[in-house]
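Please read it beside the sequence and the model.

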Amino acid sequence: MENIKQNSIHAWILAARPKTLTGAIIPVLIGSSVACFHGYFCLIPATLCLMFACGMQIAANFINDLYDFLKGTDREDRLGPERACAQGWITPRAMKKGIIFTVAVSCLFGCGLLPYGGWTLIIIGILCVVFAFLYTFFLSYHGWGDLLVLLFFGFVPVGGTYYVQALHLNTDAVIASLISGLAIDTLLIVNNYRDREQDAVSGKRTLIVRFGESFGSYFYLLTGCLASVLCLWFVTQGLFIAAILPQLYLYFHIRTWKRMIGIRSGKKLNSILGETSRNMLLLGIFLSIGLIIG
């Protein structure tokens, strides 16, 4: 076990799980790129969206860390070394304060968006906070995780980022939202694929627990492929680079899938999580480059 001073800055950085911030960055990057293509890009609201998204991702990580510790579901082989409460790096009391602080700071960044998007953004912000808790406490145990990823890593952040810059939504933003949500959902799918046996024991009824290992492997493959195929929509807008460049993602996605089904179970699947995070970041970058170049 790594020697980390309790409640230290190092401990909080580990608990924040910086690698997961990819899932917060990609939607804002894609939403801003769509805004750029349509001539609406504005740096300040885009930056505020990024800070809010990253803050809420960190808050969700803290909530999940604390809940797993209190519920007693932490396992080193399943959850990895970043579980700060389980490792004793952060006390539960300090983690609760950390959650309150992170949510509050995120909401302050969100309030900065009100002059750009209007007071209705408050409702969206409240929903983001509420579902950050509901996902950990309830919804993830009943197979709603994938739908929530599509909503809160797709439609809400991509559509919201575009809206606060353009003040309207269009088909391009909606398609981009689907692409983002599907790509990021591959990370949840491989996480649930890895955890399927323990989830079944703990009563967590993910789709993979319900339908089995084979379903999980093909669900992962098809979700990533669909995200890539949807990029072809941008051919209709004359954006050939935005349509074709993201197809390179398929090579990495399929290669990772082959490794995943070869490993099948155990902590070696943690490497697949890392590859999946890299792959979805590549897709986001490829699509954004194509949109910005036009």
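## Aromatic pairs

The predicted model holds ten aromatic pairs. Rings of Phe, Tyr and Trp (its six-membered ring) pair if their centres lie within 6.5 Å; planes under 30 degrees apart count as stacked, over 60 as edge-to-face and the rest as tilted.

Helices here are DSSP runs (H or I, at least four residues), numbered from the N terminus. Y40 has 33% relative accessibility and counts as partly exposed. Y162 is buried, at 1%. Buried means under 20% relative accessible area, exposed over 50%, partly exposed in between (1.4 Å probe, protein chains only).

F211 and F215 also pair. Their centres are 5.2 Å apart and their planes at 55°, so this pair is tilted. F211 is exposed, at 54% relative accessibility. F215 is partly exposed, at 30%.

## A ring cluster and two charges

Y67, F133, F137 and Y141 are linked by ring pairs into a cluster. The charged end of K204 sits over the ring of Y141, 5.5 Å from the ring centre. The charged end of R196 sits over the ring of Y193, at 4.4 Å from its centre. A charge sits over a ring if NZ of Lys or CZ of Arg is within 6 Å of the ring centre and within 35 degrees of the ring normal.

## The second largest pocket

The second largest pocket has about 270 Å³ of space. A pocket is an open set of points on a 1 Å grid over the protein atoms alone where a 1.4 Å probe fits, with protein on both sides within 12 Å along at least five of seven lines. The volume is the space filled by probe spheres set on the points.

Lining residues (an atom within 4 Å of a point) number 14, and the closest to the pocket centre are G55, I58, F101, T102 and V105. α3 and α6 (92-111) each give two or more residues to the lining. α6 gives the most, with seven. The lining has nine nonpolar, four polar and one charged residues. Ala, Val, Leu, Ile, Met, Phe, Trp, Tyr, Cys and Pro count as nonpolar, Asp, Glu, Lys and Arg as charged, and the others, Gly among them, as polar.

## Basis

Residues are numbered from 1 along each chain as its sequence is written, and side-chain values use heavy atoms, with hydrogens and water left out. In this predicted model, local features need pLDDT of at least 70 and side-chain atom pairs count only at pLDDT 80 or more, while totals for chains, interfaces and linings use all residues.
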